[in-house]
Amino acid sequence: MTKNIEALFKNADPAVTEILNRALSEKEISSEEALTLFKTTGIDFHLVGMVADELRKRRVGDVVSYVVNRNINFTNVCIKQCGFCAFSRDFREEEGYFLPTEEIVRRAKEAHQLGATEVCIQAGLPPDMDGGLYANICREIKKEIPDIHIHGFSPEEILYGASRSKTTIEDFLKRMKEAGVDTLPGTSAEILDQKLRDKI
């Protein structure tokens with residue numbers, strides 16, 4: 001533990017320091033304790049950040065890495081009409097677009113030629129979408145660039161794809177993996193409060 005953290009412990013809430021000491025000892029903290037840390041303010045809040053940084057350093061050091069990536073949003077046409085989204089358009093709107101698979105592949109190849117090792121494939125949820133569209137896009141990309149990492153399809157898109165394919169989410173995910181998806185982005189899963197999500 002650093003001297004800065006030790007010094008702050010002396011002036012912090014004893015309940016907070018007890019939880020943070022347990023974390024620094026590599027012991028699990030409970031949900032209730034995590035909530036206590038989440039609600040901290042002032043010096044306690046600062047201390048939570050410092051302990052988190054200390055634990056990060058222990059696990060991964062100070063090495064920073066990055067991925068050269070290109071986002072390819074193949075359509076902005078979407079059935080959801082979420083209240084917070086400035087991206088989506090109705091299929092009748094002039095600004096709506098839907099890229100053909102050949103153009104998606106062309107953009108992925110262009111990114112790869114410029115040094116990208118990953119493409120992020122996401123879009124709106126187009127009406128009447130063919131259930132095989134997402135898998136087809138991935139297969140076509142992998143056919144041209146087998147070593148590119150496909151970071152594709154948000155949880156919302158996976159749900160929609162499974163629904164359009166008339167299959168379970170688990171089976172749809174298996175199909176997507178077979179088609180070439182390497183990882184899923186967390187997009188559209190940011191709002192974790194279900195009542196708020198329902199309202200939006």
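## Basis of the description

Buried means under 20% relative accessible area, exposed means over 50%, and partly exposed lies in between (1.4 Å probe, protein chains only). The model is predicted, so local features need pLDDT of at least 70 and side-chain atom pairs count only at pLDDT 80 or more, while totals for chains, interfaces and linings use all residues. Residues are numbered from 1 along each chain as its sequence is written, and side-chain values use heavy atoms, with hydrogens and water left out.

## Overall make-up

The protein has nine helices and four strands; these are DSSP runs numbered from the N terminus, helices being H or I with at least four residues and strands E with at least two. From the N terminus on, the order is α-α-α-α-β-α-β-α-β-α-α-β-α.

Of the 200 residues, 36% are buried. The protein exposes about 12700 Å², of which carbon and sulfur atoms supply 53% (Shrake-Rupley method, 1.4 Å probe; for residues, only the protein chains shown count as cover). Among contacts (heavy atoms within 4.5 Å) between residues at least 6 apart in sequence, 71% join residues at least 24 apart.

Phe172, Met176 and Ala179 are buried in H8. These residues lie on the same side of H8 because they cover an arc of only 60° around the axis, the arc being that of the directions from the helix axis to the C-beta atoms. The cover over the buried residues of H8 includes helix H6 (133-144), helix H7 (155-165) and strand S4 (181-183). On the face turned away from the buried side are the exposed residues Glu170, Lys177 and Glu178.

Helix H8 spans residues 169-179 and contains Leu173, which is partly exposed at 33% relative accessible area. Thr167 sits in the loop between H7 and H8 and is buried at 19%. Leaving aside neighbours within four places in sequence, Thr167 is in contact with Ala162, Phe172 and Arg175. Gly180 follows H8 with a positive phi, near 125°.

## Salt bridges

The whole structure holds 16 salt bridges, each a side-chain nitrogen of Lys or Arg within 4 Å of a carboxyl oxygen of Asp or Glu. In one of them, the closest N and O atoms of Arg22 and Glu33 are 1.9 Å apart. This pair links distant parts of the chain, with Arg22 in helix H2 (residues 14-24) and Glu33 in helix H3 (residues 31-38), 11 residues apart. Arg22 is partly exposed at 23%, whereas Glu33 is buried at 17%.

Arg106 and Glu110 form a salt bridge at 3.4 Å between the closest N and O atoms; being four residues apart in helix H5, they are separated by about one helical turn. Arg70, Glu103, Arg106, Arg107 and Glu110 are linked in a salt-bridge network. Glu144 and Lys109 also meet in a salt bridge (3.3 Å, N to O). That pair links distant parts of the chain, from Glu144 in helix H6 to Lys109 in helix H5, 35 residues apart.

## A buried loop residue

Asn76 lies in the loop between strand S1 (69-73) and helix H5 (101-113) and is buried at 5% relative accessible area. A polar atom of the Asn76 side chain is 2.8 Å from the backbone nitrogen of Tyr97.

Methods
Polar contact = N/O pair within 3.5 Å; in protein donor to acceptor, adjacent residues only side chain to side chain.
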